[in-house]
Amino acid sequence: MSERLQQAIATLETIILGKPGQLRLAVACLLARGHLLIEDVPGVGKTTLAHALAQVFGLAWQRVQFTSDLLPADIIGVSVFDRNTQQFHFRKGPLFTQLLLADEVNRASPKTQSALLEAMEERQVSTDLTTYRLPDPFFVVATQNPREQAGTYALPESQLDRFLMRIELGYPDAAHERTLLREGERRDLLPQLAPVLDAEHLLALQTAVRGQHVSDALLDYVQSLIAHTRAHDDIRVGLSPRAGQGLLRAAQAWAAICGRHAVLPDDVQAVFAAVAGHRLERRDAQDAADGLRLASRVVETVPVPA
Amino acid sequence: MKPPLPARIRPLAWVCAAYGSAVLLHLDRLPPWIPALALVAMIARMLIAVRGARLPGAWARVAFALLLTVGVLATFRTLNGLAAGSALLVSMGALKLLETRARRDDHVMLAVALFLLLAACLDRQALVRMPLYALQLWIDCAALAVIATPQALAGLRAPLALAGRALAYALPLALVLFLTFPRLQGGFWALPHANRAVTGLSDEMSPGQIDELTDSDAPAFRVEFDGAPPPPPARYWRGPVLQDFDGTTWRRDRGRFFLEPDVQFEGPTWRYRVTLEPTGRNWWFALESVVAAPDHRARLTFDRRLLSAEPVDEVVSFAATSRARTVTHEPLSKLGYRYSLALPAGQNPRTHALAQRLRAASPDAAAFARAVLDHFAREGFEYTLTPPRLDRNAVDEFLFGTRRGFCGHYASAFATLMRAGGVPARVVTGYLGGEWNPIGRYFVVRQSDAHAWVEIWLEGRGWTRIDPTAVVAPERLQRGLYDLLPGAAPVVARLARNNPWIGELAQAWDALDTAWRKRVLEFGAASQFALLERLGFDSPRWQQLGALLGAGLALWLAWMSWQSRFWLRTSRPDRLGRAWQSLGAKYARVGLARGAAEAPLAYAARIGERRPDLAAEALDLVGRYAALRYGPGCDARAIRSFARAVRRVRVTSGVRAA
């Protein structure tokens with residue numbers, strides 16, 4: 001199983017060039033049953049990453065471009081009246097898939113956003129007295145463009161908390177940029193990509209991640225990290241208990257990716273910025289990068305117990 | 001919902017509790033206006049805190065301070081001494097309470113409370129007060145804890161539990177200091193006490209003036225015998241000897257003394273130790289007849305009583321030896337005759353007549369004494385504690401009129417008759433009897449055991465004790481006063497007499513109290529040296545005591561460190577953690593110290609990067625550590641083996657691969 005996972009990651013690396021860290025974080029997020037928020041300018045390969053993940057993990061996927069006039073029904077689905085049967089009949093929206101790419105999620109109205117985010121949290125959708133379970137695995141990759149302000153609704157903190165991780169892709173370095181320029185559109189490679197895993201494998205992996213050993217010493221460390229964010233003077237709100245759980249699960253997933261059976265402080269540190277970055281906010285300044293900086297400062301400050 | 005109280009309330013309430021309870025310790029020693037002032041100050045301060053009102057200004061406080069000082073001065077006529085000092089401290093504490101703003105002021109108030117506790121300890125050390133002092137100390141410590149961390153110690157239980165634990169930890173240290181801290185010889189701590197001692201005795205006796213016999217049940221002294229105690233009729237405890245009689249009052253005339261002939265001792269010997277209650281007098285009480293002065297603190301007077309150099313202001317204990325009788329064949333000096341026969345002229349004529357008649361009928365002095373005693377036995381005399389008043393010719397009235405009285409009356413009448421008959425006589429006061437405490441194995445002699453008897457001079461025998469009371473009330477020699485006259489006993493004594501268990505309880509308590517005095521309060525330099533001897537030091541010296549003190553302190557510190565490993569667990573790593581730290585220390589020598597926040601694998605990677613020659617070993621050790629610390633299952637053997645591996649690591653500097 002672990003070999004398959006390594007193979008999947010290796011395959012992804014052939015598509016997304018020069019981003020091994022972000023790639024692994026995305027996979028860790030998937031394995032930890034969390035949802036991923038990618039925040040970056042357009043054209044750095046956000047969609048390609050989502051698509052490649054779906055392809056390599058053998059998942060059915062849907063892409064929804066969020067716009068200001070998108071309605072909740074547009075993603076959840078609608079009940080339509082069937083003339084033949086004289087009955088209402090629920091037509092599932094694009095939400096009912098294994099991997100949903102919610103592109104530019106901050107462009108949609110808060111109403112639509114919250115419909116999506118609620119579905120993410122509950123992993124089910126309720127309409128007309130009927131509850132529809134979403135498929136399992138269910139993984140949302142949302143993207144937003146932080147530079148674009150006009151006509152957007154930035155996700156509020158309460159909604160950001162629903163994403164296990166937020167990552168930034170950033171520009172490729174010179175060598176990878178050269179490869180990109182030479183080889184052309186990466187997305188074209190995707191259809192030729194054979195899936196390494198399938199949904200069942202992924203579920204097994206997700207279960208295995210939960211079983212990763214967590215020692216008391218590690219919990220001490222995780223707790224002191226969380227406590228530090230809550231006691232820190234510069235931080236407006238510390239990490240929530242949900243964030244703490246997510247941090248631990250993400251670290252478990254990271255340990256699994258690294259081929260370990262026990263979670264080490266290294267694993268916690270590796271995922272901490274991605275998990276905590278969008279949840280921490282400075283008291284004074286308002287800048288997305290601030291959260292990341294705060295998170296890395298927390299990691300650099302809190303001692304790892306001997 | 002009530003609005004939350006200001007944060008200062010809790011420390012302030014504790015400060016008030018500590019101060020208030022300290023004032024309570026002094027309550028019966030203070031004039032009523034001072035505790036009332038303290039109460040008002042506490043209420044005012046709490047109200048100010050709750051309402052958020054302003055504290056009184058500086059001028060008001062200065063005025064108050066002056067006023068209070070004057071008030072204390074007016075009440076005590078001094079600011080010196082324990083009582084006035086405590087009163088001043090209490091009133092200034094009340095004033096300080098009205099200017100407590102910050103933690104610093106709280107600490108000052110706590111210092112006041114602790115100082116009041118110290119003053120109370122100096123003032124009174126009775127066992128019954130010890131629980132109060134302990135409670136006060138507990139409250140003070142809890143208050144200190146709350147002042148230090150008001151948020152952390154909510155409620156009543158948390159601070160009290162913390163303070164209790166701290167005091168429990170301090171207890172062994174207190175014990176070590178108590179046992180070994182060098183005592184200053186002499187009464188360094190003895191502050192001038194107001195003379196408030198009680199005694200059933202005085203150096204005067206005026207039978208008939210007032211019913212002067214004390215009804216106090218308070219102990220006068222306690223006696224432990226080596227071996228068998230004397231039988232009840234021999235338990236005469238000698239006190240002031242009254243020589244001078246003016247017709248109504250017997251006095252101990254300080255100016256008159258005469259040389260007594262040497263005496264031989266006769267009869268059984270008793271060795272015993274007396275522990276005197278404070279009386280403020282120079283009298284030491286010993287069993288008749290004491291052989292010699294017990295020690296340098298007292299001397300034996302010509303009339304064979306013990307006189308101490310210093311007044312008995314605190315509990316005094318001494319060892320003495322007594323024999324049953326003294327005998328001398330030498331004659332009494334002329335001066336002795338003169339003093340011991342003196343009677344005021346023209347008073348008590350009927351007594352004189354009676355004495356002459358009886359003397360004429362008796363062949364010698366001893367027979368005369370017997371005849372007088374017979375007279376007492378025959379003529380219907382009655383023993384009572386509430387005799388009628390007597391006038392100028394007190395002895396005449398008593399002998400021929402009222403015929404009712406207690407020991408003083410009989411002693412006075414008998415001595416007068418003896419003198420009138422030409423036999424030298426004097427009145428001896430002291431105590432008779434004593435109650436056996438089977439728990440503590442000692443006798444308690446109480447103020448109610450006070451007694452008076454007579455000594456007459458018989459040629460060829462010397463001073464001979466005659467107790468005329470014994471003729472009238474022979475039971476008095478066998479039993480205590482209250483057995484004789486149950487109605488005279490105070491309520492408590494009466495209760496104890498009617499309910500044996502109360503008596504037993506009282507005896508048990510008295511035994512405990514005595515043990516407390518003997519073992520704790522009187523534990524001084526001598527007891528310390530005795531302890532050293534028992535510990536096997538042949539010739540105890542101060543240096544050994546000091547060494548013992550040091551050893552005790554070291555032991556206590558070691559114990560505390562051992563205890564504190566639980567408190568400091570989070571900061572002090574376990575064995576694995578120590579091995580890990582020592583590994584880090586080894587790499588630190590070549591500039592590769594582990595950052596506090598550096599995770600293990602990242603550390604290994606950094607070492608490998610900087611020193612590829614160390615990479616393999618570092619990776620292996622770090623991996624082992626990570627597996628032990630964060631992996632499932634971690635057995636002690638693996639940890640030991642890891643620690644050994646760390647010890648074997650030799651990090652050499654300089655070899656830096658390109």
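Q: At roughly what angle do the axes of helix α21 (residues 600-610) and helix α22 (residues 612-630) of chain B cross?
A: They cross at roughly 175 degrees and come within 8 Å. Axes are lines fitted to C-alpha atoms, for helices over the stretch in contact, with angles from 0 to 180 degrees between N-to-C directions. Helices here are DSSP runs (H or I, at least four residues). This is a predicted model: local features need pLDDT of at least 70, and side-chain atom pairs count only at pLDDT 80 or more. Residues are numbered from 1 along each chain, and chains are lettered from A.

Q: Why are α21(B) and α22(B) called roughly antiparallel?
A: Angles over 145 degrees count as roughly antiparallel, and this pair crosses at roughly 175 degrees, so the two helices are roughly antiparallel to each other.

Q: Which residues of α21(B) make the contact with α22(B)?
A: Among them are P600(B), L601(B) and A604(B), where contact means heavy atoms within 4.5 Å.

Q: What makes E121(A) and R242(A) a salt bridge?
A: The rule asks for a side-chain nitrogen of Lys or Arg within 4 Å of a carboxyl oxygen of Asp or Glu. For E121(A) and R242(A), the closest N and O atoms are 3.1 Å apart, so the pair meets the rule.

Q: How much area do domain 1 and domain 2 of chain A bury between them?
A: About 1,800 Å², 56% of it on carbon and sulfur atoms. Buried area is the accessible area (1.4 Å probe) that two parts lose on being put together, summed over both. In domain 1 of chain A, D161(A), L164(A) and R166(A) lose the most area to domain 2 of chain A.

How values were computed: Heavy atoms only, no water. Parallel < 35°, antiparallel > 145°, perpendicular 65-115°, else oblique.
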